[in-house]
Amino acid sequence: MTAPRPLSSHRATALKGNVDIPGDKSVSHRSLIFGAMAVGETVVTGLLEGEDVLDTAKAMRALGAEVTRDEDGTWHIFGVGTGGFAEPEQVIDCGNSGTGCRLIMGAVATHGFSTTFTGDASLRSRPMGRILDPLAQFGTRSEGRSKGRLPLTLIGTDSAVPVEYTLPMPSAQVKSAVLLAGLNAPGHTMVIEPEATRDHTERMLRGFGAELTVEPSQGGRIITLVGQPDLNPCKIAVPRDPSSAAFPVVAALLVPGSEIRVPGVSRNPTRDGLYTTLVEMGADLTFENGREEGGEPVADLLVRGSSLKGVEVPPERAASMIDEYPILSVAASFAEGRTVMRGVGELRVKESDRIAAMEAGLQANGVVTSSTEDSFTVEGRGIDGVPGGGTVTTHLDHRIAMSFLVMGLAAQNPVTIDDARPVATSFPNFEPLMKALGAEMG
Ligand code: S3P
């Protein structure tokens, strides 16, 4: 790996322009994995070419699929069919990507060979027991470091039994890993999720021709998949990533006089909790031209600089904005009054412990915060009241890095992050895109 790259952002005057957000990370990983499990050629446009997704493309090649890219950015995946993966020659290195790693673990679990997984320091510290436990019910074994951490070897089974699994935590990664394992198991695999999480796996598996039903159940869902389908190859136009859009959107809200337009922001209810919360805080957001793109409901978003007020974010909204709490905490710092985020314990096991990382960074920039194991409170200082001037440790976490670069655009003094490299995992053109709107970073 290259050396850490510190970066500072400076107070901006009004941000203006149109913002072309790159492809959705969740949909991009799934396009490659499902494409590799279909029979024949899947064609993908708008794929996110961030490091996380490129690591998943490498992994699909290592498992026997052919994956190529045209000069214009169109990707082709020649799939091997359900149950057709081959034992990889090498260790699968998923880099920084929890999603890539956990979904691929599910995909190989019901194949009769062994796969060894590793990743960067962040991924090697993250819990994998949440994936290994349900996979063990299919008949898969594993051998790794303590607490199920990487590097670890998954010993797949070729005589899988179907599984009925109730998610112990709201996690689309765990849900998806179970469904992916269920693809090569006989009979019906059932996942019961007490709270709805992002539903890209369900939408896309149906698109690939799998027989999958979703029934609502007491605030959650019961998902049933018929195993061993022949997946048909697809043409996929990846929608833009609402979690990436969140950074320029919040920047434009916080810098007075800003006006930006963000085409094609997802309105998928399993992903739009941040936008609901920002509207409650008083954000001037207008959604126009609602339509469907790549199988997802989207709209164009017009954002104008706004005065925000603190709010209580209810725990039942957490799953629909789980990746957006770092940038919401920055918005909350510039709001009038207190913002309380409840039911956010899952933030402690993301690319970093995001509650601890945000608290340390906000405090270094003059914002008062407090936390419990699963809640986080920010005392807002008003639109012109955040001192800034601090240096923030990003812990190899892209969303911590981008959140504090946004903070520096509206704070009284520049904000510095210790390392901008992780931004490339999910939003490789973040810096030029923000500079084109008028942001100063260097
Ligand atoms: C993702 C699920 C979420 C999210 C991650 C992407 C996915 O993780 O944080 O960035 O694509 O399934 P959890 O399932 O652990 O909540």
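This is a predicted model: local features need pLDDT of at least 70, side-chain atom pairs count only at pLDDT 80 or more; totals for chains, interfaces and linings use all residues.
Colleague: Which residues make up domain 2?
Modeller: The bounds come from an automatic or database domain assignment. Domain 1 is in two pieces, 7-23 and 239-441. Domain 2 covers 25-237.

Colleague: How many residues does domain 2 bring to the contact?
Modeller: The domain centres, taken over C-alpha atoms, are 29 Å apart. Contact means heavy atoms within 4.5 Å. Domain 1 gives 26 residues, and domain 2 gives 28.

Colleague: What area do domain 1 and domain 2 bury between them?
Modeller: Buried area is the accessible area (1.4 Å probe) that two parts lose on being put together, summed over both. Carbon and sulfur atoms carry 47% of it. In domain 1, T270, E351 and T425 lose the most area to domain 2, together 23% of what that side buries. The total for the two domains is about 2200 Å².

Colleague: Which residue forms a salt bridge with E346?
Modeller: Side chains of opposite charge can pair when their charged atoms come close. For E346, the closest N and O atoms of the pair are 2.9 Å apart. The partner is R130.

Colleague: Which helix supplies at least two residues of the side of domain 1 that touches domain 2?
Modeller: Helices (H or I, at least four residues) and strands (E, at least two) are DSSP runs, numbered from the N terminus. Strand 17 (296-304) supplies at least two residues to that side. So does helix 12 (398-410).

Colleague: How many salt bridges does the rule count in total?
Modeller: One of them joins E193 and K175, at 3.2 Å from N to O. E193 lies in strand 11 (residues 188-193) and K175 in helix 6 (residues 172-183), so this pair ties together parts 18 residues apart in sequence. The count comes to 33.

Colleague: In what order do the four strands of the open sheet run?
Modeller: Two strands pair if DSSP finds at least two bridges between them. The edge strands are strand 22 (391-392) and strand 24 (440-441). Strand 1 (residues 7-10) pairs with strand 24 in the antiparallel sense, over two bridges. The pairing in the sheet is mixed, and the order is 22-23-1-24.

Colleague: Which residue joins L150 in a cis peptide bond?
Modeller: Most residues other than glycine have a negative phi, and most peptide bonds are trans. Here omega is about -5 degrees.

Colleague: Which residue takes a positive phi in the hairpin of strand 12 and strand 13?
Modeller: Strand 12 (212-217) and strand 13 (220-226) run antiparallel and are joined by six bridges. In one of these, E215 has I222 as its bridge partner. Two residues lie between the strands. The residue with a positive phi, about 40 degrees although it is not a glycine, is Q218.

Conventions
Residues are numbered from 1 along each chain as its sequence is written. Side-chain values use heavy atoms; hydrogens and water are left out. A salt bridge is a side-chain nitrogen of Lys or Arg within 4 Å of a carboxyl oxygen of Asp or Glu.
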